[in-house]
Amino acid sequence: MSSEGRDAFSPDWLALREAADHRARAIRLVERLRAEWRARGWIRIVDLGSGTGSNLRYLAPRLPGPQRWTLVDHDADLLARAGAAGTDAEVRCVHGDLTEAGLPAAAQADLVTCSALLDLVTEEWLDRLARACRAAGCGAYLALTYDGVMEWSADGSGGDGPATASDAEDAAIRDAVNAHQRRDRGPATALGPAAAAAAEARFRTVGYRTWRLPSPWRLGPGDRALALALIDGWEDAALDLSPPPAAARRIRAWAQRRRRTAAAGGFELTVGHQDLLALPPPA
């Protein structure tokens, strides 16, 4: 999600989150996808908003047989790093946006993938993606869509006392971040935490079979750097809504307390995501 880090699409942020992304995946969906991939003899994968190639690094070793990947991203610098990622798959990078480059590429795919993307898109774009996939008869594996859940708890191993488990401002910060996720994007509004359910509904409308499962980040003391980056990003998102001065002071005070929580350890932080697999009718 765009509010997860201070600079959500920087190479450093993408590298910081990659391990958490990979371990959060809903394995049952990957297993179902692998069986469908093998049965249909699929080869061509289009990865939308590919960044530095995290989705490629996760999926390529888990899918059998030859693979031809097309990575689409609006950031040429990130794509250059993706192209350098070590893999046995054939990889082609396309510099362009999700509409002008991504949708035409999807029309030539056996499988369309994305990771941590759908909460940033609009309902109209999502509808176009589902229709493009249906026209191509391709599958869609849409992973790690933020779903609005942010929960802190204590793990029993220490930390900074009661504030580790709860903070009076946690719910207000979560609500502010979720509102920020749904902000306008040009003439339309981003789907934000509603995106995974909206995507499932769109694919079912075009006749697809769908499976949607939770894929939450479960962060602990070993993820301190990621937790600190999240706190920075959430503080920025809440302040970006231009709250009144008293609310802004509460936001900054919350961020300071939660930085102490993360630095001290003994915490658990759940950030909700959902994975969606959408497959065309049986051949």
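What follows is what I looked up, entry by entry.

**Ground rules.** I'm working from a predicted model, where local features need pLDDT of at least 70, side-chain atom pairs count only at pLDDT 80 or more, and totals for chains, interfaces and linings use all residues. I number residues from 1 along each chain as its sequence is written, and side-chain values use heavy atoms, with hydrogens and water left out.

**Helix H9.** I started with H9, residues 224-240; helices (H or I, at least four residues) and strands (E, at least two) are DSSP runs, numbered from the N terminus. Its 17 residues reach 24 Å from first C-alpha to last, close to the expected 24 Å (1.5 Å times one less than the number of residues). I found several buried residues in H9, including Leu230, Ile231 and Trp234 (buried is under 20% relative accessible area, with a 1.4 Å probe and protein chains only). The buried residues of H9 pack against helix H1, helix H10 and strand E10, among others. Just after H9, I noted a positive phi of about 55° at Ser242.

**Arg259.** Next I checked Arg259, in helix H10. Is Arg259 buried or exposed? It counts as buried, because its relative accessible area is 18%. Its side chain makes a polar contact with the side chain of Asp232 at 3.0 Å (N or O atoms within 3.5 Å, one able to donate a hydrogen and the other to accept it; residues adjacent in sequence count only if both atoms are side-chain atoms). Leaving out residues up to four places away in sequence, Arg259 also touches Leu228, Ile231 and Glu235 (heavy atoms within 4.5 Å).

Terms used. Buried < 20%, exposed > 50% of the residue type's maximum accessible area, 1.4 Å probe, protein only.
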